[in-house]
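Here's a quick tour of the side-chain packing in this model. Have the viewer open while you read.

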Amino acid sequence: MNFSLKLKSWPSIFNFSYCTSAFPSTPHCGAVAETGIVKNGNLDINKKAKIIANLINRKPWSAALESSLSTLLPLSQTTFFQIMRRMQKPLKTLRFFSWAKDSGFSHNHHSYFLMLEILGRGRNLNTARNFLFSIPSRTNNKIQLTDKLFNSLIRSYGNAGLFQESMKIFSVMKSMAISPSTVTFNSLLMILLKRGRLGMAFQLYDELLNTYGLKPDLCTFNLLIKGCCSNSRIDIAFRMFREMDDYNCEPDLITYNTLVDGLCKAGKVDVAHNVVKGMMLKKREDLMPNVVTYTALLRGYCVKQNIDAAFDLLREMNDIGVQPNNVTYNTLIQGLCESKNLGMIAEALGEDGVKSMVFVPDTYTFNILMNALCSCDNLDEASKMFEKMKELNVAQDSATFCTLMRALCRNGNFAKAEQLLDELLEEEVLSKNVNSVPLCAAFNPIFEHLCSNGKTKKADKVLRKLMKRGVQDRVAFETLITGHCKDGTFVDAHKLLVLMLRRDFKPSMHTYHSLIDGLLLNEKPHLAYDSLIKMMRSDYLPRASTFHRVLAELIRSSSCKSAELMMLMLDKDIRPNMDLSTDVVVYLYHSRSRKEAFQLVQSIYAKGYMINMDKLVSFLCKEKKLPQAYELLVFLLTNDENIEVSLCDFVLTHLCEAKLFAEAFNLYYELLEMDTRGTFKSLGDLKTGLESTGKLKQAEFVAKRMLSK
């Protein structure tokens, strides 16, 4: 594919932040806004805050630092909040927060909220959770936990892609009798719908209405309508649109734009266009179609490859005074590339079309054109365009790198693809481009190459950077776990498994088995056991041999988990190995867990299985645990289990030697009750012992049995 573009009006530096969505991201309800320079004679406050923040940012926390800070006391509320917002590291900010309190600063609800927000944005989520629940004790119950504080933590978990943790915090909030607000429900709806959990979102909506009797607001309906549209449920979206009247909730421009976008994505572009016309007929200034409306409609025409209609729409925008923006032009350019109408790009940029339109190509423009070139395997031109971006100082985001990396991997040029990945890491692209969200799945081709060539640690580094941005992908997790297993780094593989499950991704059965096998080979039985449990929670039933191998290694490492696994096997009807079962019981008796050991024996026999009683009883007698041996034999006899006479005689002898004559007699009596026939060598010792302890009737009974023999 050969084409050239004459791009006008290039500025010397392109430093734009670009959002690929036609809709602005929804602001976080309750988030703390930045405060500008303090005015009205308070410039000294701003200067003091800057000095303190710079001091803390530059130096490690120490007694010397605290001493320096003490000279700048006291702190006003304004100074304190400015310092907090200027600090760079959340955990150091928490140290400052605590120090300020110890130094006499009086915290309030807002300062605790701000600290919680800072920890959440920094992905210090465990610390944020602990901080939240410590607020009452930190303040002697002067500041109580509120829905606003919980909402902050719920959002933070959601932004990190941990929607299950958000739901857990919501449950804890309710268990503490803290009533959620509509803002709480909106925060959760945003998180669930971002993950495509439409069913759960409507369950939450039902809870909002029927459990808490709250009134949904405009944000609630806009979120649900957008969620329905994103999941191709336009019918439900319009039902929610009509339901807004029931709650006196007036649709706004975002509502209509969402419906237009949803209709276009569903292929109903003509219906969407009619909605736009209806918006115009309302003649309401706040509902007049804007550039977002027309861009969504234009995208719909481009997807249908109706390029003439797209250009007509562009001219219509010009006629009614709606100025296209970069998103509009990039949408049209993308449509032209996908429909292979590349020759019309110049017209789209205004050279042969609408002269008054001004367009400066940005990062996304280049990404579209590079993708078109890569789709045609014109990698030379795509590489030139990649370098041209540097020459023109156009910011390169993760999509820029991934577009070229994917094409290089597809064509087998992995060395060049890896060079690009190194450059992406060196330039810290994943960290700097905070306004363009990377697509984790786009890294899968390079991940596969790295994991197949012993470089899983590098792939792991990239994935963790992506997770910090709140993005993840099931296939990426699977690829890296498998890669770690190939590289022999099984502990790292297990760590990724934990992270994968926390993000509600389900690994394959093969992934679980590969990980468990590797952990066992590397003598990590506890991690293997943990992986086995997680496998079962993922609705898989491991092979019986896997259970036995994990159990054997747990026994070898003298782990208490062996008994837990044994009970689990019985519960799941996994037939246990008799020797392994015996070893587990021996371990429990050895660790003085008599009650647990006996209960396990009972459970094994209740399921129709057996243990090596000769081995177990011999161990107990050797360890002088004769009451336990007696208890076991009585259990077997009373449950009609087969038992060797020689074993019973062995225990009788040891009981008599230990002067446990009462237990010995009871065992002998049970044997007679079961009509057990055989010779017992220790009856004489038993008779003598009973006589010496005053148990004459029992001694006489034994004597008669001896005479009858």
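The charged end of R195 sits over the ring of F505, 5.2 Å from its centre. "Over a ring" here asks for NZ of Lys or CZ of Arg within 6 Å of the ring centre and within 35 degrees of the ring normal. K148 and F113 make another such case, and the table puts them side by side.

| Charged residue | Ring | Distance to ring centre |
|---|---|---|
| R195 | F505 | 5.2 Å |
| K148 | F113 | 4.5 Å |

Some ground rules: the model is predicted, local features need pLDDT of at least 70, side-chain atom pairs count only at pLDDT 80 or more, and totals for chains, interfaces and linings use all residues. Residues are numbered from 1 along each chain as its sequence is written, and side-chain values use heavy atoms, with hydrogens and water left out.

On to confidence, where pLDDT is the predictor's own score for each residue, from 0 to 100. The protein averages 87, and 91% of its residues reach 70 or more. Residues 1–43 stay under 50, and the model has 78 contacts for them beyond four places in sequence (contact means heavy atoms within 4.5 Å). Residues 351–356 also stay under 50, with nine such contacts.

Now the rings. Phe, Tyr and Trp (its six-membered ring) pair if their centres lie within 6.5 Å; planes under 30 degrees apart are stacked, over 60 edge-to-face, and the rest tilted. That rule gives 25 aromatic pairs. F80 and F96 count as stacked because their ring centres are 5.6 Å apart and their planes are at 20°. F80 lies in helix α3 (residues 77–86) and F96 in helix α4 (residues 90–102), so the pair ties together parts 16 residues apart in sequence. Helices are DSSP runs (H or I, at least four residues), numbered from the N terminus. F80 is buried at 0% relative accessibility, and F96 is buried at 0% too; buried means under 20% relative accessible area, with a 1.4 Å probe and protein chains only. Both rings belong to a cluster linked by ring pairs, along with F81, F97, W99, F105, Y112 and F131.

F96 turns up again in the largest nonpolar core, which has 237 residues: F96, F443, F447, L565, L667 and L686 touch the most other members. Helix α35 (residues 626–638) gives this core its largest share, nine residues. A core is a set of buried Ala, Val, Leu, Ile, Met, Phe, Trp, Tyr and Cys residues joined through side-chain atoms within 4.5 Å. Leaving aside neighbours within four places in sequence, F447 contacts residues including A459, V462 and L463.

Notes: Helices (H or I, at least four residues) and strands (E, at least two) are DSSP runs, numbered from the N terminus. Buried means under 20% relative accessible area, exposed over 50%, partly exposed in between (1.4 Å probe, protein chains only).
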